[in-house]
Amino acid sequence: MDNLQNPPSYRHDTVLPLPPEVSANAYAVDAACSGNPGPMEYQCIDLATGARVFHFGPVHGTNNIGEFLAIVHALALLDKQGITGKTIYSDSYNAILWVRKRQCKTKLRRDASTEQLYGIIARAESWLRTHPTTANPVVKWDTAKWGEVPADFGRK
C-alpha cells in the first residue's frame with residue numbers, strides 16, 4: 001500500500017537509470033584495453049536512448065588513448081551534425097585534460113604495430129586544433145558517486 005501512496009520517481013527523459021544530476025541530453029564514452037598496451041577499443045552511448053552511437057577497434061593501443069579518441073570522436077560527430085548543447089561524459093581525467101590541451105600525451109611506443117593508431121591520433125589532434133570544443137561540454141563522470149559510466153564495457 002505504501003508503494004501506491006508514495007510511488008518512486010522515474011525519469012522520463014531516458015531509458016537508462018541515471019542519477020538526477022546527470023543530463024540525459026548526453027553521450028557517455030569509454031574505452032577498454034586488454035593489457036597496457038594491448039587490444040584497445042572505445043564506444044559511445046546515447047544516454048537518452050541507451051543506443052550505441054559508435055564503436056571503434058580493437059587496435060593495438062592503451063586505455064588512455066582510447067578514452068581520448070572517444071571524446072574527440074564524439075565532439076567531431078556532434079560538430080559534423082551541427083548539434084550543440086549535448087554533454088559528453090567521460091570517466092577519464094587524463095583524456096579530458098588531453099582534449100583541453102589538444103594533445104594526446106601518450107608514451108606508447110611508436111612502431112609498426114602502433115603506426116595506424118598514431119595516424120588516428122594525429123588526425124584527432126589536428127581536428128582539435130581547427131575546431132572549437134565549447135559547443136558540447138565534456139564533463140568528468142563521477143564513478144564514485146554514480147557508478148560505472150554507461151558506456152563501460154563491463155570487463156573489470
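The structure is a predicted model, in which local features need pLDDT of at least 70 and side-chain atom pairs count only at pLDDT 80 or more, whereas totals for chains, interfaces and linings use all residues. Residues are numbered from 1 along each chain as its sequence is written, and side-chain values use heavy atoms, with hydrogens and water left out.

Read from the N terminus on, the order of elements is α-β-β-β-α-β-α-α-β-α. Taken along the principal axes, a box of roughly 65 × 35 × 25 Å holds the C-alpha atoms. Of the 156 residues, 44% count as buried; buried means under 20% relative accessible area, exposed means over 50%, and partly exposed lies in between, with a 1.4 Å probe and protein chains only. The accessible surface is about 8,700 Å², and carbon and sulfur atoms account for 52% of that surface. These areas come from the Shrake-Rupley method with a 1.4 Å probe, and for residues only the protein chains shown count as cover. Among contacts (heavy atoms within 4.5 Å) between residues at least 6 apart in sequence, 66% join residues at least 24 apart.

Charges come next. The chain carries 17 positive and 15 negative charges, and their mean positions are 8 Å apart. Here Lys and Arg count as positive and Asp and Glu as negative, while His and the chain ends are not counted; the place of a charge is NZ of Lys, CZ of Arg, CG of Asp or CD of Glu. Side chains of opposite charge can pair when their charged atoms come close. The structure holds 3 salt bridges, a salt bridge being a side-chain nitrogen of Lys or Arg within 4 Å of a carboxyl oxygen of Asp or Glu.

One of them joins E21 and K145, at 3.4 Å from N to O. Because E21 lies in the loop between α1 (2–5) and β1 (26–33) and K145 in helix α5 (residues 143–146), this pair ties together parts that are 124 residues apart in sequence. E21 is partly exposed at 43% relative accessibility, whereas K145 is exposed at 58%. In another salt bridge, the closest N and O atoms of R109 and D111 are 2.8 Å apart. R109 is exposed, with a relative accessible area of 61%, and D111 is partly exposed at 22%. R110 and E115 also meet in a salt bridge, at 2.9 Å from N to O, and E115 is partly exposed at 39%.

E125 is buried yet has no salt bridge, and the nearest side chain of opposite charge, that of R129, is 4.5 Å away. A polar atom of the E125 side chain does lie 2.8 Å from the backbone nitrogen of C104. Not counting residues up to four places away in sequence, E125 touches F68, R102, Q103 and C104.

T133 sits in the loop between α4 and β5 (138–140) and is buried, with a relative accessible area of 18%.

How values were computed:
Polar contact = N/O pair within 3.5 Å; in protein donor to acceptor, adjacent residues only side chain to side chain. Helix = DSSP H or I, 4+ residues; strand = E, 2+ residues; numbered from the N terminus.
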